[in-house]
Amino acid sequence: MRAERRAAGAALTAGLMLLTGCASMPSSGEVKPIEGNQRSDGDATVRVFGVPPQSGERPAQIVRGFLEATTSDEAEYETARQYLTEETAGEWDPFAGTTVVSGGPDVPPAGVLPDAEESGYTVEVTGTRLAEVDGKHAYTPAAGPYLGAFHLVEEEGEWRIDQLPDGLVLGEADFERIYRSVNTYYYAGLGPQAGDVPRGKNLLVADPVYVRRRIDPVTETVRALLGGPTDWMRPIVTSAYPTGVRLAPEQALALDDAGALQVKLTSGVKDRPLRVQRTQCERMAAQLLHTVDHQSSARVHRVTLQNERGARLCGLGSEEAHRYAPGALNGRAAMQYYLDGERRLVALGEAQESGIPVDGPFGTGSLPMRHVAVSRSETLAAGVSLDGARLHVAPLHSDVPFQAPVLVSRGESESARLTAPSWDGLGDLWVADQNPEDPRLLRLRDGEGTPQEVDVDGLGEGRIEALRVAADGVRIALLVREGDAVTLMLGRVEREHDDDGRPRVKVTGLRDVAPQLENVVAVSWAGGSRMVVVGKEAGGVQQVRVMSTDGSPGTPAKLPNVNKIESIAASEDEDKPLLAFSAEGIVRLPRDGDWQEVTEEGSAPVYPG
């Protein structure tokens, strides 16, 4: 009965919205690519409201009604609080975090336990936990059982909850309906290397968080930004906002008709209005503009920051903010690349049906290659020889002979030698040596010189089988084998000085971002916070998935599959097709299309990176 009433309320709300509002199609304006997990503010029209407790309901019914009421579209969960005692209603913090469970939370009959003195009840709520979202809106996969205890007492003749966990517990479907993933942006911590890279000190990196779709989403997104980066991202990014800066109270942020956003900030210190230098203020405004601009289809044309007294701090237009635009180190990805049947590196334009050998030594076939990587500037290429032992770097377009290899593996077998290399946007080349006697992750500054060994904290007995470093140079995806399982791990690239003042790099914070897949065969970066992953679930068939860097599903969560994919390549520009090496040869998947064959004779497809 309760579910029927909630459904009727939702249907009535939807009907009223259809009668009182309509949407119009713009006839002009700039085409703006939107990352796959971003949606417009108006993408959902049905709003759900909870049902208050009914007279005479038993403890199990009260808990079920409370759980259902927490799925409503109410800003402060007013209906849900009616299921609590008066004192507890004022103390319960629904924003402390969210537990996501498969199917939904359950109240089993055996979980209703009377107190020894029969003055109250404890009702157990169970479920299969999938993930946790913490108080900073950060999503983390967390598989396992869920058990929550809710204690009830009688208040004015009705059962009410007087003890319960802070936060929410939601079924997967309700979580996806209520919440959306948005990218907040912070500046990459490139350490001593920042000054060597154009815009190195102003490079924005995406940090995805979850906010409610319909409850003041712009305000909540800005609040999340001002709260600082998620705990995992904190060591590798910085914010231009001074510690303690928050939104001035009683603001509901929204773009005006001209696409402008005005934001009042408080220093967080009583009677001390916020003051910042202009350069810092512009960096603050750039973070905010790009964060809001990337969460909806409405363009943000200008951001104005004020202090709580209304004094103007600075303003930044979208054209000025372009110099801070995320993805500055991605490169143009003008061409797609793969190895043809003669193991030559060939370049493929989107309008071409087959590739043409590149002009440099990689296009001659004089040294057959097993793996290849093209720098993001598309001026250099790196290749691993057919036996997996030698890494060569050479110009992409200059017809010069190969020089001596920059790295040689001593592994006894081909499978125990070098992985495919990967370039970051800083111009550095990364590769792993799988030699069991000396396994190493290595970095070559500008693709030359003596390879620098990079420590990987938490790798343990795992062996790196493949890697892809992000363009920003502060995140790296690793395929790590332990026993028969290959998992996708995401690591932070932390840059600092050693005791002698020399630059040092290490990988920390390894986390499994695709725990549902026990055998991952390929991964590629596909946007600021997105990866395309190929793998299998336990006992399942191979799948092509879109994953967020926080481990949550992307949009769409799954892509069309093709027979036996061995490697995959994506561009950070989502309009460009996917490339894959499969049992069908080299194939590509256009956006909103089906897989198309490029050639039966080829392997190792890559985009620059």
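Which residues form one aromatic cluster? Phe66, Tyr77, Trp92, Phe95 and Phe150 do so in this predicted model.

## Aromatic pairs

Across the whole structure, a search finds 10 aromatic pairs. One of them joins tyrosine 77 and tryptophan 92: the ring centres are 6.1 Å apart and the planes stand at 70°, so the pair is edge-to-face. Tyrosine 77 belongs to the loop between α2 and α3, and tryptophan 92 to the loop between α4 and β1, so the contact ties together parts that are 15 residues apart in sequence. Both tyrosine 77 and tryptophan 92 are buried.

The rings of phenylalanine 362 and phenylalanine 402 are also edge-to-face, because their centres lie 4.9 Å apart and their planes meet at 90°. This pair links distant parts of the chain, 40 residues apart: phenylalanine 362 is in the loop between β16 and β17, and phenylalanine 402 in the loop between β19 and β20. Phenylalanine 362 counts as buried at 3% relative accessibility. Phenylalanine 402, at 19%, also counts as buried, as the cut-off is under 20%.

## Charges over rings

Arginine 283 lies over the face of tyrosine 187, 3.9 Å from the ring centre. The charged end of arginine 492 sits over the ring of tryptophan 232, at 5.5 Å from its centre.

Strand β22 spans residues 429-433, and five of its five residues are buried. Leu429, Val431 and Asp433 point one way, Trp430 and Ala432 the other.

Two bridges connect β22 to the antiparallel strand β21, with tryptophan 423 opposite leucine 429. Five residues separate β21 and β22 in their hairpin, where glycine 427 in the turn has a positive phi of about 95°. β22 also pairs with β23 in the antiparallel sense over five bridges; the bridge partner of tryptophan 430 in β23 is arginine 443. The hairpin of β22 and β23 has six residues between the strands.

Technical notes. Residues are numbered from 1 along each chain as its sequence is written. This is a predicted model: local features need pLDDT of at least 70, side-chain atom pairs count only at pLDDT 80 or more; totals for chains, interfaces and linings use all residues. Side-chain values use heavy atoms; hydrogens and water are left out. Buried means under 20% relative accessible area, exposed over 50%, partly exposed in between (1.4 Å probe, protein chains only). Helices (H or I, at least four residues) and strands (E, at least two) are DSSP runs, numbered from the N terminus. Two strands pair if DSSP finds at least two bridges between them. Rings of Phe, Tyr and Trp (its six-membered ring) pair if their centres lie within 6.5 Å; planes under 30 degrees apart count as stacked, over 60 as edge-to-face and the rest as tilted. A charge sits over a ring if NZ of Lys or CZ of Arg is within 6 Å of the ring centre and within 35 degrees of the ring normal.
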